Number of protein chains: 2
Amino acid sequence: MAVTMNDVARAAGVSLKTVSNVLNDYEFIRPATKKRVQDAIAELGYEANLTARSLRSGKTRMLGLVLSDLSAPYYAELASRLMKAASRRGYRVLVEQSDAVGGVELNALQGPFRQLTDGLLFTPLVIDADAIADRLGRKPLVLLGEHILDPRLDLVTMKNGEAAAALTAHLLAGGRRRIAVIGAHPEESVGSAGLRLNGYRKALEEAGVPFNPELVAPCEWRRDNGAAAVAGLMDRSVEFDAVFGLNDVLALGAMHELLIRGVRVPQDVAVAGFDDIDEARFASPSLTTVSPGMEEIAERSIGLLIDRIEGREAAEQAAHIEAGFQLKVRESAP
Amino acid sequence: MAVTMNDVARAAGVSLKTVSNVLNDYEFIRPATKKRVQDAIAELGYEANLTARSLRSGKTRMLGLVLSDLSAPYYAELASRLMKAASRRGYRVLVEQSDAVGGVELNALQGPFRQLTDGLLFTPLVIDADAIADRLGRKPLVLLGEHILDPRLDLVTMKNGEAAAALTAHLLAGGRRRIAVIGAHPEESVGSAGLRLNGYRKALEEAGVPFNPELVAPCEWRRDNGAAAVAGLMDRSVEFDAVFGLNDVLALGAMHELLIRGVRVPQDVAVAGFDDIDEARFASPSLTTVSPGMEEIAERSIGLLIDRIEGREAAEQAAHIEAGFQLKVRESAP
DNA sequence: GCCAACGTCTGCAACGATGTATGGCAGGAA
DNA sequence: TTCCTGCCATACATCGTTGCAGACGTTGGC
């Protein structure tokens, strides 16, 4: 079978515990002893049994990441970055897809998934702050990218409202007055959709442009819905000179539908999105959007979570971190 | 602290082992006893400790997935599907990004990552069959989507060559004669690039069109490389009437560069890709490509791996599974 | 010359589950 | 009655680690 610490101990002529001490960088070990142990480890090809270590120590060195769907480009890019950031600090990331189903979200908070991880990065789409706080337990949890702002909960997010306002202001500055918004979630109590829509309204207000509910199309954030929403607006003969997709895939879906219908982008209708996924730069025309500081979000959320886990960060107060954003002006809305 | 089996046993007035037996569906338990135990479990809110179970049983009920980069749309979509397929069978998936670095690939095969998982789904990009077979160990491993065909190794893949040939034939049938290929990996001994390129050459040959090495642009499979490759060809005044991106993001990057330079797609140059990522349908123009049967690949690779793990599949012979493909003819190459 | 302090190492008892062996008890056959 | 068989439950050892308490020898202060 596999080599155990006992084998190493025997080979090095020391006790089991001394091997453990060497592995855990215990301070008081004679260099000679340490070397003997290390040599034995190398010779036998010993590798620590992570399961046993976890059972004994109660730590798994895994972080949980709960998001709705890994195949959404924004989440895929975020997950990739989070995993790299975690890896640099000696942690792994275990991903759970909730499909925006409340039951799955709750399960991730308290079920086996929680057990397997030392802490959670959580993108709640359905459940609310109280539901989360009630199930917090002893393990740290950092909310990611959504709008729950609760004094009990750590949060790393983006400037949803501010960025959406800046983007809308840019469209207004380009002379657009009837800006359709795609992807609103009117029924949803939590989520970025509301914040981004608020930013949009605020920018309109500041420009003295009246808000027109007819221009707001609610739908889930998928490409095909973006296309369908534009189709719906046009079929109902709603007039618009710009489309603000509340995220990039919506905007790209919308743009596709516009081009199919012979609407020129940006001449007839400007299109803008939110997220700055890799694809936005290479769309045709390339997509004007907001870069929400994903690298910063990944780095800081992993950093915060691990600090909490390792007890470096005082737990008295929840941290609320907002990454900076950048407007990316491209061809679709110059 | 957490509720343990011992607490449940005490509450139900039975022994520890009886609780374990109930949990593991042991046959001979009196219904009354079973009920007492189940009631105690429900009342105390007991949840099995997965770490302890793993230590004792040697199983983690986690599958490892090794791929180069989760932010690549094809891998993101594949990972999402694999995770769902695994979840349906009671397994989780732990993802490891290799960044196509050989050392990371080797580590995933034998290091701690292997320990944490009961079996591996592995997309080798750098290391070869011998390196894998040497490190096989006792845990099952299924190769995914790449071209290593080794009698010792299970493999679930797509019809790379056949599909590439069909796609090329479609371009030829459309009257294209100078079909540029983007994303070849001349130095690489393993990988889909070679197979797809072969398919392309075979189709040319069958159509009696001479192969022109000048039309083959080697590069890594990233969007920006697709764009750069087209720029390179045009700057060198290489003439072509079609572009075959060896995967979709290359094709999309290429298409973007063409459109920027005022080349009309498909009138002047047809563009085709490979993978049928979600984005392909919504690009403008929409992308002609090959759908490699991802759902089938996900379902069958997970099925095979779990069968191996649970000993249902005779280990004598390696399985070689090829999913069917479909040509998706869209606007970019009608 | 004694005791305390220090540095180094060890033994034992967990962590929470499962496998093996075995112990009772009931009912039927001998 | 006695033995066997089938069902149900238990005790004990075990998986491979780490935490805790302490042992041992050396050193240094007084």
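Predicted model: local features only at pLDDT ≥ 70, side-chain atom pairs only at ≥ 80, totals over all residues.
View 1. The same surface serves both copies, as 100% of the contact residues of chain B recur in chain A.

**View 2. Domains of chain A.** Chain A is divided into domain 1, spanning 5-48, domain 2, made of 62-158 + 294-323, and domain 3, spanning 160-291.

**View 3. Val243(B) and the nonpolar cores.** Which residues touch the most other members of the largest nonpolar core? They are Val243(A), Val243(B) and Phe244(B), in a core of 164 residues. Zoom in on Val243(B) and you will find its contacts beyond four places in sequence, among them Ala180(B), Ile182(B), Val230(B) and Leu258(B). Val243(B) also touches Val269(B), Ala270(B), Val271(B) and Ala272(B). A second, separate core has 36 residues, including Ala129(A), Met62(B), Leu116(B) and Ala129(B).

**View 4. Helix 9 of chain A.** Here you can follow helix 9 of chain A through residues 160-173, 14 residues in total. From its first C-alpha to its last, helix 9 reaches 20 Å, close to the 20 Å expected at 1.5 Å a residue. Its buried residues include Asn160(A), Ala163(A), Leu167(A), His170(A) and Leu172(A). Just after the helix comes Gly175(A), with a positive phi of about 90°.

**View 5. Asn21(A) in helix 2.** Asn21(A) belongs to helix 2 of chain A, residues 16-23. Is Asn21(A) buried or exposed? It is buried, because its relative accessible area is 18%, under the 20% cut-off. Leaving aside residues up to four places away in sequence, Asn21(A) touches Tyr26(A) and Ile29(A).

**View 6. Two cis peptide bonds in chain A.** Val265(A) and Pro266(A) are joined by a cis peptide bond with omega near 10°. Pro266(A) sits in the loop between helix 12 (248-260) and strand 9 (270-272) of chain A. Another cis bond runs from Ser284(A) to Pro285(A), and its omega is about -10°. To find Pro285(A), look in the loop between helix 13 (278-282) and strand 10 (289-291) of chain A.

View 7. Ala100(A) is a residue other than glycine, yet its phi is positive, near 55°. In chain A, Ala100(A) is found in the loop between strand 2 (92-97) and helix 6 (102-110). With a relative accessible area of 34%, Ala100(A) is partly exposed. Turning to chain B, Ala100(B) has a positive phi of about 55° although it is not a glycine. Ala100(B) lies in the loop between strand 2 (92-97) and helix 6 (102-110) of chain B, and it counts as partly exposed at 34% relative accessibility.

Conventions. Residues numbered from 1 in each chain as written. Chains lettered and ligands numbered in written order. Heavy atoms only, no water. Contact = heavy atoms within 4.5 Å. Domains from an automatic or database assignment. Core = buried A, V, L, I, M, F, W, Y, C linked by side-chain atoms within 4.5 Å. Buried < 20%, exposed > 50% of the residue type's maximum accessible area, 1.4 Å probe, protein only. Helix = DSSP H or I, 4+ residues; strand = E, 2+ residues; numbered from the N terminus. Expected span 1.5 Å × (residues − 1).
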